[in-house]
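Try each one yourself before you read its solution.

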Amino acid sequence: MMKSKFPAYIAAAVGLVLLIIAILFLIYVTVSGPEGYQLELEVWGPTEDSYAYAEINDAYETASPFISSITHKKVLVDEYKRDLLSALASGEGPDVFLIRNTWIPEFQDKIAPVPSGAILNRDTVQREFVDVVANDVILDDKIYGLPLSVDSLALYYNKDIFNIEGITNPPKTWDQFLALTNQLTRKDNLGSITRSGTSLGTAKNINRATDILNMLFLQFGTNLEFTTREKTAPSSILGSKGQEALQFYEQFADINSPYYSWNLREDYSIDAFQEGDLAMMLNYSWQYETIKRKNPRLNFAVAPLPQFAGSASEINYPNYWVFVVAKNKKAQGEIDPAYKDDVRIFESWQYLRYLTVHKGGPQLFTNIISGNQKEISIGINPAKVYVEKTKSPAARRDLIEEQKTDPILGPFVTGNLIARSWRQYDADAIETTMAQIIDDVHSAKTTIFEAVRLLEERIRTLSRR
């Protein structure tokens, strides 16, 4: 009997190597299939938080069988919309990009909703995110985007001014807010304001004045939300409730009002607040660090947005960025040209599912061409990493639960839970009209009645496009 030329341990080693090769081949076939592909994703945004994505994207690139690289490009906010629209028109723009929540109807024909294949569905969005997200991102029963963060209005107040005046707590209702505005405003012998109780009543020198007016329209009970829920407009969108809301806003800049505390001669609201000349201001969380940076010694805090006493429901107004997927773009990477659009859109959404919904643990990766699937564990919770690094209020309910006791973020995230918005078919045009009527009423160029009628007609015209 002849002995083998190879010792048993060598034969065993060779067998083991062959087994490993076979296993690796099976994994490759299972995950990538014969139609394997590798894509490069480009993400655009106007915010200065690219640093927050490094760890998040590294984890995804390591785990994903289909994405070789994810790069972020920051575009200056003043040029962002123009550059984005130009890039999308040429087909050379980003795969994934950020837009404001109010831009979604305007961009609907330029972005791709979640494709079939159930990688995301309506129930997931409604379960995981605050209510306003589903109202904003779901159009015609399709999901068009998802956020990492949602921001809503809160009350900034100067604690030193409150302490000097013996005020122990910020106002919870608008009646309390009015009383404090009267108490905290100071005027000289000529009637000029030397210290403002609050910054309301104008548009040009108030940061996000139109968002504040939007919030008041909703709190007063107008029918603005018809654009989200109804196919046809009711007979009155703003009506008498809209007039009441605009009158409430304008009274703070009316020299004949007991609550007169602001006018167009005042500094820009954020500057006035950080200089210590403004007692109360309504704004978003992103201004907190701006104020701290401009005046580190300013003693201020934030509190929940005031509400009307006895109101059936509390309401806030949001302003946030949503990740969406470009409908048309030349895919980058190794891929069969016949599948480029479908694969790029699917993989972009597979990335967004991870970015916004994934909480750590197994992630299901699907090869859209072969249909093969594989679970790969990713031990990172991207949305949590993002909100912690950027100190942003969360969009997801589970993260809000963690943030709601935070002394800075708490008022904003609890505001997210009651935030409402309405579908704006040209947000820039509506914002321009709102700012115009605010200052026209203040300068007596028009009446409250005429201003509200002009705005309502503008909304109707844009909604019919």
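**Exercise 1.** Which residue in β10 does tyrosine 156 stand opposite?

*Solution.* Keep in mind that this is a predicted model. Start with the strands: β6 pairs with strand β10 (residues 300-304) in the antiparallel sense, over five bridges. Now look across from tyrosine 156, and you'll find valine 302 in β10.

**Exercise 2.** Find the bridge partner of leucine 155 in β9.

*Solution.* First locate strand β9 (residues 278-283), which is also antiparallel to β6, with four bridges between them. Then go to leucine 155: its bridge partner there is leucine 282.

**Exercise 3.** Work out whether strand β6 (residues 154-158) is largely enclosed, and which way its residues point.

*Solution.* Use the cut-off for buried, which is under 20% relative accessible area. Five of the five residues in β6 are buried, so the strand is largely enclosed by the rest of the structure. Next, sort the directions: Ala154, Tyr156 and Asn158 point one way, while Leu155 and Tyr157 point the other way.

**Exercise 4.** Describe the largest pocket and its lining.

*Solution.* Begin with the space, about 1,300 Å³. The lining has 41 residues, and Thr47, Asp49, Trp286, Thr390 and Ser392 lie nearest the centre. Elements giving two or more residues to this lining include β3 (96-100), α13 (286-294) and α16 (397-403). The largest share, six residues, is from α13.

Methods. Residues are numbered from 1 along each chain as its sequence is written. This is a predicted model: local features need pLDDT of at least 70, side-chain atom pairs count only at pLDDT 80 or more; totals for chains, interfaces and linings use all residues. Side-chain values use heavy atoms; hydrogens and water are left out. On a 1 Å grid over the protein atoms alone, a cavity is a set of points where a 1.4 Å probe fits but cannot get out, and a pocket is an open set with protein on both sides within 12 Å along at least five of seven lines; lining residues have an atom within 4 Å of a point. Grid points are joined across faces, edges and corners, and a volume is the space filled by probe spheres set on the points. Buried means under 20% relative accessible area, exposed over 50%, partly exposed in between (1.4 Å probe, protein chains only). Two strands pair if DSSP finds at least two bridges between them.
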